[in-house]
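Biologist: Could you put the model up and walk me through it? I'd like to begin with the charged side chains.

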Amino acid sequence: MFTSPNGLDDTGYSSAADLVRLTRAAYGSPGFASVVATRFHAVESLDAERRIVQNRNVLLWLYPGAIGVKTGFTSPAGFCLVGAAQRGDERLVAVVLGAPGEPFSAAAALLNYGFDGFEHRTLLREGERMDDVDVGGRSVSVSAGGDVRGLIPSAATVSRTVEVEPHVAFPPARGEEIGIVRISAGGRIVGEVPLVVVSVPAPPPPEAGSWWARAAGAVVDAGGVVLDALFG
């Protein structure tokens, strides 16, 4: 909760999660990323010497990939820092609040944990074959109807759960979506995609003495009776 624009020693308060949300929103504003990544800036004046100001965020000098964001300190709040770093396509934000001394080491440790402990992985690809499922007592070949990609803990166990909709009747059509494939990692659901029919087995050949075979035999017998009546 914020009660002033600057938050300095007033009755407002915020959490680390609040500051992450604000940071993500701020990066969507033109010029923000450039400002918070600037180490030095020259302030020009019409009637005084040019003044050089330095960014107080030590991460910009010491942490590989650091791109921002903001330091802060008040006596009640202690030393605070919102730190951001980017490596490749991954951009992470770490927030340290209420530190008794410099917050940069703690922020660097958090960023290291994020970069080292998690990874973007493609967990399922569209068209990837799944184990056959049972539909009406018959086996049906199925595949994944989409890609699943997510940020997961590096050591997490990835599992797949297939659920077939209970009302599906045999035979389903090829390409029909008959359920879902759910991907989980580290006990959390990462994504879901449709379960798509690849192929349906052909019907088994009729057994001897089946109804249609008996019907065909009856037609032949009837034909023989007619011929006997005409020519016998």
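Modeller: Let me begin with Glu163, which counts as partly exposed because its relative accessibility is 36% (buried means under 20% relative accessible area, exposed over 50%, and partly exposed in between, with a 1.4 Å probe and protein chains only). This is a predicted model, in which local features need pLDDT of at least 70 and side-chain atom pairs count only at pLDDT 80 or more, while totals for chains, interfaces and linings use all residues. Residues are numbered from 1 along each chain as its sequence is written, and side-chain values use heavy atoms, with hydrogens and water left out.

Biologist: Fine. Which side chain meets Glu163 in a salt bridge?

Modeller: Arg182 does, at 2.7 Å from N to O, where a salt bridge is a side-chain nitrogen of Lys or Arg within 4 Å of a carboxyl oxygen of Asp or Glu. The pair links distant parts of the chain, with Arg182 in strand 11 and Glu163 in strand 10, 19 residues apart; helices (H or I, at least four residues) and strands (E, at least two) are DSSP runs numbered from the N terminus.

Biologist: And Arg182, buried or exposed?

Modeller: Arg182 counts as buried, because its relative accessibility is 17%. Its side chain also meets that of Glu192 in a salt bridge of 2.6 Å, N to O, and this pair joins strand 12, which holds Glu192, to strand 11, the two residues being 10 apart. Glu163, Arg182 and Glu192 are thus linked in a network of salt bridges, and Glu192 is partly exposed at 43%.

Biologist: How many salt bridges does the count come to?

Modeller: The count comes to six by this rule. One of them is formed by Glu128 and Arg160, whose closest N and O atoms are 2.7 Å apart. Glu128 lies in the loop between strand 6 (118–124) and strand 7, and Arg160 in strand 10, so the pair ties together parts that are 32 residues apart in sequence.

Biologist: What order do the strands take in the five-stranded sheet?

Modeller: The order is 7-8-12-11-10, in an open sheet with antiparallel pairing (two strands pair if DSSP finds at least two bridges between them). Strand 7 (133–135) and strand 10 (158–164) are the edge strands, each pairing on one side only. Strand 11 (residues 177–185) and strand 12 (residues 188–199) are joined by eight bridges, and Glu177 stands opposite Val196 in strand 12.

Biologist: Switching topic, what about the three-stranded sheet?

Modeller: That open sheet has the order 3-4-5, again with antiparallel pairing, and its edges are strand 3 (66–74) and strand 5 (90–99). Strand 4 (residues 78–87) pairs with strand 5 over eight bridges, with Ala99 in strand 5 as the bridge partner of Phe79.

Biologist: Which residues does Thr23 contact there?

Modeller: Leaving aside neighbours within four places in sequence, Thr23 is in contact with Val69, Val82 and Val93, contact meaning heavy atoms within 4.5 Å. Thr23 has its place in helix 1 and is buried, with a relative accessible area of 6%. Helix 1 (residues 16–26) lies across strand 3, strand 4 and strand 5, as does helix 4 (residues 104–117).

Biologist: Last one: where is Ile52 found, and is it buried or exposed?

Modeller: Ile52 is found in strand 2 (residues 51–54), and it is exposed, with a relative accessible area of 52%.

Key: Axes fitted to C-alpha atoms, helices over the stretch in contact; angles between N-to-C directions.
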